[in-house]
Amino acid sequence: MKLIETKNREKYAKWFESCEDACIISALSGSNGDVYTDDYDKPTVLFAVVSDYVFLTGNSDSINAEHAVKFIDSLFNDGFNIRCIEKGFEQVVKKILKDRVYEYSRFAMERTFEYMDFDLLEENVNSKKEEYAFALIDEELFTYCKENDWAENFVVSYDTYEQWENGGLGVMILKDGDPVAGASSYSNFPGGIEIEIVTRSDYREKGLATAAGSALILECKKRNLVASWDAAHEKSMKLAMKLGYKLLYPYTIIGVNSQK
């Protein structure tokens, strides 16, 4: 499989156009992630990789389909996730990776501010300010996220702080100076971000995810950025809808366990 240089990726966008996931936009634009194909001139298999998510498309009957799945597997030391844009690839993935695969649902949400009550979002943030502090992720907090497992997904798509400065955006909630929750850009793309929300295990069920999500959406609105949300599970979907997003549809992801 061949890595597609950033400057050439847009011409392959038509292969991914049936999937609206913002991570694909991130990869095609070169903001985050990589894009691969079996042939630059006459591609039959293509896939985008952003962190531990793979978006696989093309012709599942191609002689290179199985090779592509094996190549994808070689990119990861730990588990990863595959969205098969062309459904025929699901059987190829299961054939090659066998008992390491499992399926789960994610939920595509509509990317728009149209249905949001911004006064309510402000209220969600203000209701926590007496007990907690809110801070944009700066270099110190970026380093904290890199060094603490619970917060690593906030900056997982950014190898350096310089990369983060060029497109990342995040809000952390702190208790007495200690980060306990937040919302950030799992990835970014021209004009927007894909939202990631995490609360530290000992501070869950306190409404901090709602407050963090509200704060980041408000920051995106202030900067005229699209705030994309793709929900990883039903709880995330319900939180998104609470904040004003509308459900588009559920879809299937193939999870792949580590070979260890």
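Which residue in β5 does L56 stand opposite? I found C84 there.

**Setting up**

I noted that this is a predicted model, where local features need pLDDT of at least 70 and side-chain atom pairs count only at pLDDT 80 or more, while totals for chains, interfaces and linings use all residues. Residues are numbered from 1 along each chain as its sequence is written, and side-chain values use heavy atoms, with hydrogens and water left out. Helices (H or I, at least four residues) and strands (E, at least two) are DSSP runs, numbered from the N terminus. I took two strands as paired if DSSP finds at least two bridges between them.

**Entry: the eight-stranded sheet**

I started with the sheet that holds β4 and β5. Its eight strands run in the order β1-β2-β3-β4-β5-β13-β6-β12. The sheet is open and the pairing is mixed. At the edges I found β1 (2–3) and β12 (230–231). Each has a single partner strand, so one side of each is left without a neighbour in the sheet. I then looked up β4 (residues 53–58) and β5 (residues 80–84), which run parallel and are joined by four bridges. Helix α2 (residues 65–74) packs on this sheet. It touches β2 (34–37), β3 (45–50), β4 and β5. Here contact means heavy atoms within 4.5 Å. The direction of α2 makes about 15° with that of β3. For such angles, axes are lines fitted to C-alpha atoms, for helices over the stretch in contact, and the values run from 0 to 180 degrees between N-to-C directions.

**Entry: strand β3**

Next I asked how many residues of β3 are buried. Six of the six are, so β3 is largely enclosed by the rest of the structure. Buried means under 20% relative accessible area, exposed over 50%, and partly exposed in between (1.4 Å probe, protein chains only). In a regular strand, side chains alternate between the two faces of the sheet. I checked both faces of β3 and found them covered. V45, F47 and V49 are buried on one side, and L46, A48 and V50 on the other.

β2 and β3 run antiparallel, with four bridges between them. D34 has V49 as its bridge partner. β3 and β4 are also antiparallel, over six bridges. A48 stands opposite F55 of β4. These two strands form a hairpin with two residues between them. S51, in the turn, has a positive phi of about 55°.

**Entry: the five-stranded sheet**

I moved to the other open sheet, with strands in the order β7-β8-β9-β10-β11 and mixed pairing. β7 and β11 (226–228) stand at its edges with a single partner strand each, so one side of each is left without a neighbour in the sheet. The twist averages 25° from one strand to the next. β8 (residues 170–175) and β9 (residues 178–189) pair in the antiparallel sense over six bridges. I traced M172 to its bridge partner in β9, G182. Helix α1 (residues 22–29) packs on the sheet and touches β9, β10 (192–199) and β11. The direction of α1 makes about 60° with that of β9. Helix α5 (residues 139–147) lies across β7, β8 and β9, at about 80° to β8.

**Entry: two loop residues**

Most residues other than glycine have a negative phi. D176 sits in the loop between β8 and β9. Is D176 buried or exposed? It is exposed, with a relative accessible area of 73%. E205 also has a positive phi, near 65°. I located E205 in the loop between β10 and α7. It counts as exposed, at 71% relative accessibility.

**Entry: the cores**

A nonpolar core is a set of buried Ala, Val, Leu, Ile, Met, Phe, Trp, Tyr and Cys residues joined through side-chain atoms within 4.5 Å. The largest has 32 residues. Among those touching the most other members I listed M109, I173 and I195. Its largest share, eight residues, comes from α7. I also found a second, separate core of 21 residues, including I72 and F80.
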